[in-house]
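Please open the structure in the viewer and keep the selection panel at hand.

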Amino acid sequence: MGPWRCLLLLPLLAPALHAQQQQFMEYVERRITLLEERISQWHDQSSRYSTELRDFKNQVLGMLEAAEKEREAMRAEAESAAVRVERLEREVDYLETQNPAPPCVEVDETLMDKQVATAKQRKNEKYTKLTDCSDTIASVRAMKILKRFGSASGLWTKDAAGSSEKIYVFDGTANDTVYIFPRMREFTLFSATRKAARIKLPYPWVGTGHLVYDGHLYYIRQQGLSFQVIKFNLANKTVVDSSVFPAEEQIPVFGLSPSTYIEVSADEEGLWAIYATKEDEKNMCLAKLDPASLDIEQMWDTPCPRENAEGAFVVCGALHVVYNTRLPSRARVQCVFDVSGTLAPEDASLVYFPKRYGSHASLKYSPRERQIYAWDDGYQIIYRMEMKKKLEV
């Protein structure tokens, strides 16, 4: 094609070329616009991510600051606890120097055998009286029912040797908490125990044969087949002494009170223990206790049978055993054994107690007041005794 022909075609191709150029420019502009939109999105996302990262960083810094404060607080508490523990250790050390440690309750077999042998050597010997007490019970002069408190079996008493007016209450035959009322009035007027102080004993008691004597609680603890007499100081609430009772194969001492194996009693002469063994399972035994060391000073076999016995107490060195039947009837002192031999059994008065509710779970003689604190089917009763001289009976 010649040149003149190309020149003839240029006017015809110019509009097509211009249209293609226009389309290309529009395409480029669309692509640029799209890139700008994507760049704008990326910028927005980057800005948002930066903001979130900054917020997260601030949150982490706040958490770290709070953790640091908690660490400092815990460190301060730990230091304070260490100071308190150190102070407590000093106080415990001081208390241990002031109060003796609880004695070991393990049995020294050699010492117990020696104690039993000494007591048996003096078994059934005539007792050398420590006082000039020569009284015996003539009759029950009066009866006063105070209230009904606790379960069917229990014990209530005062200190048999001291002058305190406190009332000590042992509810049940197996427990470890003693209620203490400041006076008889608080015990009588209030049915609940809110007016009573509480003492939790280190070992639970068994039965109702316990005694408060000269600021100490003498109570019975069962450990396996053996029984211990625990001497507990009521003032500083510590065990002063303990002793395994030196009797083999013990059985319940009262036929109508199967939970009581040892009855600790007090009279004008001191402390006594009433018990029974399979060696002579029909009758009771009596032992004189040393209140300071819990040693057995002397032992006696008595002619008083266990059958239908519901309780016993000692008055001026004479054992008085209260009998009854399983059916409701009048309780009576039907066996008296005087360790000094002053009062013959056939010369003793037959003492009757007024008709009661059920059965006497405990009978505690107060040598200071010459009356008996009884627990009868949940009722607390006082028996005032009429006394007379043994030689005049």
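Two strands pair if DSSP finds at least two bridges between them. Strands (E, at least two residues) are DSSP runs, numbered from the N terminus. The model is predicted, so local features need pLDDT of at least 70 and side-chain atom pairs count only at pLDDT 80 or more, while totals for chains, interfaces and linings use all residues. Residues are numbered from 1 along each chain as its sequence is written, and side-chain values use heavy atoms, with hydrogens and water left out.

First, select strands β14 to β17. They form an open sheet of four strands in the order β14-β15-β16-β17, with antiparallel pairing. The edges are held by β14 and β17 (351-352); each has a single partner strand, so one side of each is left without a neighbour in the sheet. Next, display β15 (residues 318-323), which pairs with β14 in the antiparallel sense over six bridges.

Now select G311 in strand β14 (residues 309-315). Which residue is its bridge partner in β15? The partner of G311 is V322. Apart from residues up to four places away in sequence, G311 is in contact (heavy atoms within 4.5 Å) with F254, H320, V321, V322 and L363.

Finally, move to I145 in strand β1 (residues 135-148). Beyond its neighbours within four places in sequence, I145 contacts Y357, Y379, Q380 and I381. Select Y383 as well: its C-alpha atom and that of I145 are separated by 8.9 Å, although the two residues are 238 residues apart along the chain.
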